[in-house]
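Thanks for coming. I will take a few minutes on one model, so please have the sequence and the structure open.

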Amino acid sequence: MKLKLVLASALLAVGLSAGAQTVIKFSHVVAVDTPKGQASLFFAKRAGELTKGKVKVEVYANSALYKDKEEMEALQMGSVQMLAPSLAKFGPLGVKDFEAFDLPFIFDDTADLHKITQGPIGAALLAKLEPTGIKGLAFWDNGFKSFSANTPLKNVADYKGKKFRIQSSKVLDEEIRSVGGIPQVMAFSEVYQALQTGVVDGTENPISNFYTQKMHEVQKHLTLTNHGYLGYAVIVNKKFWDGLPADVRGQLETAMKEATVYANKIAQEDNDSSLAGVRKSGKTTVYEPTKEERMALKKAMAPVHIKMADRVGKELLQSIYKETGFDPTKL
Ligand code: LMR
């Protein structure tokens, strides 16, 4: 593995000095027509333009190259250079601080979220990735998750005994258990089939993922719980990144800044149009919970914050609560 990396770096150096093109493979697991799918293509276009063709970004959507867990390993090995995994994917890497983003109801809205992702706490979190050979470049939004199942999800009792697909996250595991559900970890690319065959009863997604994976075809009920956040950290193989000529790296940083503005601008629009698509399909009943129903879910899930505080980091959580005003002990 090490030899491969050395070889890759050597080839890169030779290639660049000879004026050859550097290829960045950017792999992700969602559909093209999602916030991440569109933002990665935007980045690829701007990277090509700003580097005047010195860098070519190849985007591989829909788990075409790797499934969730494998893509992180591929990045660390240098088989791909860039990813934008959901923030839940960093806990299994050992950087448990990122699990804060999985905590239910921790952000009320995007304004609260951006205080963290676009501020100093976000920057400090990205820096924590460096010992794993990963350089964090930016946070990209997707949106807030909602629960779906084949039976209505109105009251907390409706979650009891149901199997829900989750990403591999101890916090998400506790979230499902807090309402009496049974969590089942599964790769994103396998969710549609698992729902179709009844391996799991339900799941949680931002609507853009729900719709573009056609989950509305295999889930009769979607409740707009907006109970948790799903977004991304754009990351690169650190050795690859540090090995780029400074001017090229600077141009890519500019492209990434622009792509981040673009991603965060289209994320809400994309989720809104996906919801319209779900409604129009007539295949899933979309339910908007009452204030009281949503509050009951929030209260039921609040203990997850207390239970996970030591694992995620008490200090980090306090600094987030201070910015957003959330207090799990006062529900
Ligand atoms: C998931 O596994 O549900 C998400 O990480 C998919 C994604 O990248 O949006």
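The largest cavity here is the space that the ligand takes up. A cavity is a set of points on a 1 Å grid, over the protein atoms alone, where a 1.4 Å probe fits but cannot get out. A molecule sits in one if more than half of its atoms lie within 2 Å of the grid points.

Before going on: this is a predicted model, where local features need pLDDT of at least 70 and side-chain atom pairs count only at pLDDT 80 or more, while totals for chains, interfaces and linings use all residues. Residues are numbered from 1 along each chain as its sequence is written, and side-chain values use heavy atoms, with hydrogens and water left out.

The structure has 2 cavities of 30 Å³ or more, and the largest holds about 120 Å³ of space, a volume being the space filled by probe spheres set on the points. Its lining has 16 residues, and closest to the centre are Val29, Ser86, Lys89, Gln167 and Phe188. Lining means having an atom within 4 Å of a point.

Which residues are around the ligand? They are Val29, Val30, Lys36, Asp68, Ser86, Lys89, Arg165, Gln167, Phe188, Asn209, Leu230 and Tyr232, counted when a heavy atom lies within 4 Å. This shell divides into 5 nonpolar, 3 polar and 4 charged residues, with Tyr counted as nonpolar.

Now the polar contacts, which are pairs of N or O atoms within 3.5 Å. Ligand oxygen atoms lie 2.8 Å from a side-chain N or O atom of Gln167, 2.9 Å from a polar side-chain atom of Asn209, and 3.1 Å from a side-chain N or O atom of Ser86. The protein covers 99% of the 270 Å² of accessible area that the ligand has on its own, by the Shrake-Rupley method with a 1.4 Å probe.

Key
A polar contact is a pair of N or O atoms within 3.5 Å; within protein, one must be able to donate a hydrogen and the other to accept it, and residues adjacent in sequence count only if both atoms are side-chain atoms. On a 1 Å grid over the protein atoms alone, a cavity is a set of points where a 1.4 Å probe fits but cannot get out, and a pocket is an open set with protein on both sides within 12 Å along at least five of seven lines; lining residues have an atom within 4 Å of a point.
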